[in-house]
Amino acid sequence: MAGLVALALCVGMVAGCGQGGSSEDGNSERIYLVARNIDDGAPKYFEAQEQCPVCDANELQAQHYADVDGKRIYFHDAECEEAFKENRSRYLEKLDKRKQEASGEEK
Ligand SMILES: [Zn+2]
């Protein structure tokens, strides 16, 4: 019985200790917020792209992309990548609009 209490205490201490530490795992699946921050050497279709053109999520991942005219557009997951490829002109139009808005804001 005493052994069990000791074990519970021990586990509690370990858990408490773990809370303070930073959990920086999952580096391979990093989420990028702006296309220009993605360092894959590819030219970007829209440097300031910060949203998935399909579902508007503010998450872009380097491994989900489509190349248009040799330039790269990013998505937040594989589903959106597929959706874009199936309905390319529609999402491109949307992205182009956003691109124009962005360049209008910057001076
Ligand atoms: Zn998406």
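Predicted model: local features only at pLDDT ≥ 70, side-chain atom pairs only at ≥ 80, totals over all residues.
Numbering starts from 1 along each chain as its sequence is written.

Now for the buried side (buried takes 20 or more such neighbours within 10 Å; partly exposed is anything in between buried and exposed). Helix 2 spans residues 78–86, and Cys80, Glu81 and Phe84 are its buried residues. They line one face of the helix, because they fall within an arc of 105° seen down its axis; the arc is taken over directions from the helix axis to the C-beta atoms. An α-helix has 3.6 residues a turn, so residues three or four places apart point the same way.

| Class in helix 2 | Residues |
|---|---|
| Buried | Cys80, Glu81, Phe84 |

Stepping back, the protein chain has 3 helices and 2 strands, arranged along the sequence as α-β-β-α-α. These are DSSP runs numbered from the N terminus: helices are H or I with at least four residues, strands E with at least two. Of the chain's 107 residues, 19% count as buried.

Over in helix 3 (residues 88–105) sits Arg90. Arg90 is partly exposed, since 13 other C-beta atoms lie within 10 Å. Its C-alpha atom is 9.8 Å from that of Pro53, 37 residues away along the chain.

How values were computed
Buried ≥ 20, exposed ≤ 12 C-beta atoms within 10 Å, placed from the backbone.
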